[in-house]
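Welcome, and please open your viewer.

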Amino acid sequence: MEKKVILKKGKEESLLRFHPWIFSGAIATIDGNPDEGDVVNVYTSGGEWIATGHIQVGSIAVRVLSFSPVAIDRAFWLDRLGKALDVRRSLGLTDRDDHSIFRLVHGEGDGLPGLVIDIYGRTAVVQAHSVGMHFAREVIADVLMEIMQGRVESVYYKSETTLPFKAELERAGCYLIGGPIEGDEPLEYGMKMPVDWISGQKTGLFIDQRENRALLEKMASGRNVLNMFCYTGGFSLAALRGGANLVHSVDSSARAIELTRQGVENNFPGDTRHEAFAEDAFKFMDEMESIYDLIVLDPPAFAKHKDALKRALLGYRRLNEKAFRKIRSGGLLFTFSCSQVVTKEQFRTAVFTAAALSGRSVRILCQLHQPADHPVNIFHPEGEYLKGLVLYVE
């Protein structure tokens, strides 16, 4: 029996605009008794087929895989993953001796909602954010090995902390293909990056800040740099290579500080310009001296849901105000928000309010965003999540 979703009258309009989410409130009936994660066909109230996708429990009831009639089989995965690789190849991110870290699949941005695949050297790390993608992990790994043509030797599946569904599903966090690769050192534009895909955040590295790290490197020469919420120290490594006088890295996680120190030692052995602190960010900024003329604020998402928006905006304002009050005259502030529910305008308002409260004169030098291997589906503007500003503070 066909598993299908029938929409309420008029609720197909967003699908006619190719938006890949169907919310539970748009559904009239569900036929065929589908289980969570099954592939379902979606019909209008008039009985016309309109889409195919994965069904799930929650406010987003269906994540659309196709707006054209197609079987969700191996050929489908081969086509979608192959197209995603073509995009990264066109960006010059593949087949380089000095660069082996990039995002291969970015969910809705690549027509595969609920799926993330990051490449770290010869290892691919897969994350499922939906039940349907979890169930498809084996065929995804198999197809991935085929399209990468020997450039990937291991596929690690990391979704134990990101699967928002039934507890009885088998625990994720394993190598689907291959295993740890001895001596493989993932490179970001020639820099050896510390990556912990087993226990680290996301897939092990914030790849989305790659181009922003490259920009900071060009601006770091002769400056005293403070990297707040440093995680694995990517901005710190960029500052050191860019010729900073000193670089201080701060994160509340002892493991993050350990990885940062490891990255510094791997790239700049014995370099005394760097020091790392496992401390709370707000406390550190309250107590620090005004010795920095380049500060990076890259906090974790302050709001993951709309009900936390007001508190998040207050947090961004407080954090940036502290930086404005402490940064030296002529300093640069790289400030970011990765909270999807915070719009660019809301983030900018919070930062501008902080500047006004600090009494400093501030210029916008650059407006920053996620890189091209984290594409935004033009029909799914919610995919634009990373917002950043480079500010000159008098």
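Here is the tour, stop by stop.

This is a predicted model, where local features need pLDDT of at least 70, side-chain atom pairs count only at pLDDT 80 or more, and totals for chains, interfaces and linings use all residues. Residues are numbered from 1 along each chain as its sequence is written, and side-chain values use heavy atoms, leaving out hydrogens and water.

**The sheet.** Begin with the open sheet of seven strands, in the order E16-E15-E14-E17-E18-E20-E19 with mixed pairing. Strands (E, at least two residues) and helices (H or I, at least four) are DSSP runs numbered from the N terminus, and two strands pair if DSSP finds at least two bridges between them. Now colour E16 (274-278) and E19 (362-369): each has a single partner strand and stands at an edge, so one side of each lacks a neighbour in the sheet.

Look for Leu368, opposite Gly388 in E20.

**A helix on the sheet.** Next select H10 (residues 344-358), which packs on the sheet and touches E18, E19 and E20 (contact means heavy atoms within 4.5 Å).

**Two helices.** Bring in H9 (residues 309-326): its axis and that of H10 come within 8 Å and cross at roughly 40°. Axes are lines fitted to C-alpha atoms, for helices over the stretch in contact, with angles from 0 to 180 degrees between N-to-C directions. Finally, show the side chains where the helices meet, including Leu313 and Phe324 in H9 and Phe347 and Val351 in H10.
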